[in-house]
Amino acid sequence: MNAHDAVEQAYREHWSRLLALLLTRLRRFDVAEDGLQDAFVAAARTWPDQGVPDRPAAWLLTTAHRRALDRIRREDNDRRRLPLLVTGTTPEDADPDAIADERLRLLFACCHPALSADARAAMTLRFGAGLRTAEIARLFLVPEPTMSARLTRAKAKMARAGIPLRRPSADDLPERLGVMLKVVYLLFTEGYRATAGPEYQRPRLADEAIRLGYLLGELLPEQDEILALLALMVLQHARRDARLDDEGRLVLLPDQDRAKWRHDEIDRGLDLLRRLGPAVSEYHLQALIAAEHSTTGATDWPRVAQLYAELERRTASPVVRLNRAVAIAEAGSPQAALSLVEGLEKVLPASHLVPAVRAELLCRLDHREDAAAAFDAALRLVRTDAERDHLRRRRADCLNAGGSADDHPLLG
């Protein structure tokens, strides 16, 4: 692994945990964040010449701590040392690889009720999960400057609130559970299908989301919402090895080699699903859909469409409507599916998936020129290399009169 890749990997794996460690020492959010950013800049500058250290996380922690202390010494101590997160200190020789749940501590702090629900989710994804501002903006379907301003306001509000950084107790969780579950699933979503970049999947991010879900389950055992979200994530993640071929090209669901699925994980997800009570939540419905997709036989598309209809009734989500349209098309009604897609570009203007699905539906209906225009619209919006390549190949297939548009799958 070259130095550039090592820095990027260290960011993905350690950024949020290192930030939490720095916060426990420095008690100042701004200083901890800036010190850690400086450490990564230093790594990008020095690792190519000096080599990647044996323990990258420890190197980054030490460097960030020194940079932060240098800044504090330059500041007016009485005026500047207003704590953001009030907590105990950790030993100076703390091992960043030995602390298992620092991300959970920071996630819990960022979900404080003093913040709005959207601000809590954004703060947690940025500082508890380590996503970049641009990635969070794409998940929330807002411009990056809007998300940056939202994060700045939330940090200022956290500073005034004096929020503690500590491992949550079971008594603390109920009032924050909904936002925490939303954040964990958004984190998983970015790992399952990246919003931009050369990677279509980010398995380590999905693994981290599942780990956080299990930690929440330990704090609040047998909570149906937690079990449902865990079932959903485990079932979806079990197909990761089959979603790309050996050349990195996208493989959609009906074409996937089921022998590559992690069947032990599927069994675990189905077991979680069986432990749920009779009340059906939004995560429960999504987990039931994931279970239908995890069968080794043919997917029951009418059943999937029915589940998406119920989910749309509860959420009024345009993303759910798009997925419902896919299920209806796979069940044999592309014209009905096309009518459901109408108008979704207005509410999801930044999503390439809307014109991509529209293109496939038009192709199935043999409206090839209109399909080509929709593929072009999707290509202008798509941000991952694997999906861009897939859309180009599908456009060419659709325009080829001998192509297999009628039975080409829509779902990945």
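This is a guided tour of a predicted model, moving from the whole chain to selected sites.

**Conventions**

Residues are numbered from 1 along each chain as its sequence is written. In this predicted model, local features need pLDDT of at least 70 and side-chain atom pairs count only at pLDDT 80 or more, while totals for chains, interfaces and linings use all residues; side-chain values use heavy atoms, with hydrogens and water left out.

**The whole chain**

The chain has 20 helices and 0 strands; both are DSSP runs numbered from the N terminus, helices being H or I of at least four residues and strands E of at least two. Of its 412 residues, 52% are buried. Here buried stands for under 20% relative accessible area, exposed for over 50%, and partly exposed for values in between (1.4 Å probe, protein chains only).

The accessible surface comes to about 18,500 Å², and carbon and sulfur atoms hold 48% of it. These areas come from the Shrake-Rupley method with a 1.4 Å probe; for residues, only the protein chains shown count as cover. Among contacts with a separation of 6 or more, 68% link residues 24 or more positions apart, a contact being heavy atoms within 4.5 Å.

**The disulfide**

A search of the whole structure finds 1 disulfide. Cys-363 lies in helix H18 (residues 353–364) and Cys-398 in helix H20 (residues 385–399), so the link ties together parts that are 35 residues apart in sequence. The link is right-handed, with 130° about the S-S bond. Cys-363 is buried at 1% relative accessibility, and Cys-398 is buried with a relative accessible area of 1%.

**Two helix pairs**

Now select helix H11 (residues 224–237) and helix H12 (residues 263–274). Their axes are 8 Å apart and the helices pack at an angle of about 160°, which makes H11 roughly antiparallel to H12. Axes are lines fitted to C-alpha atoms, for helices over the stretch in contact, and angles run from 0 to 180 degrees between N-to-C directions. Angles under 35 degrees count as roughly parallel, over 145 as roughly antiparallel, 65 to 115 as roughly perpendicular and the rest as oblique. The crossing of H11 and H12 is left-handed, meaning that the near helix is turned anticlockwise from the far one by less than a right angle; clockwise would be right-handed. Residues making the contact include Leu-227, Leu-230 and Val-234 of H11, and Ile-266, Gly-269 and Leu-273 of H12.

Proceed to helix H7 (residues 133–140) and helix H8 (residues 144–161). Their axes come within 8 Å and cross at roughly 105°; H7 and H8 are therefore roughly perpendicular to each other. Among the contacting residues are Ile-136, Ala-137 and Phe-140 of H7, together with Met-147, Ser-148 and Leu-151 of H8.

Remain on H8 and select Arg-153, which lies in this helix. Arg-153 is exposed, with a relative accessible area of 56%.

**Two loop residues with positive phi**

Select Ala-316, in the loop between helix H14 (301–315) and helix H15 (318–330). Its phi is near 55°, a positive value in a residue other than glycine. Ala-316 is exposed, at 64% relative accessible area.

Finish at Asp-366, in the loop between H18 and helix H19 (368–381). Asp-366 is not a glycine, yet has a positive phi of about 70°.

Conventions:
Disulfide = S-S within 2.5 Å.
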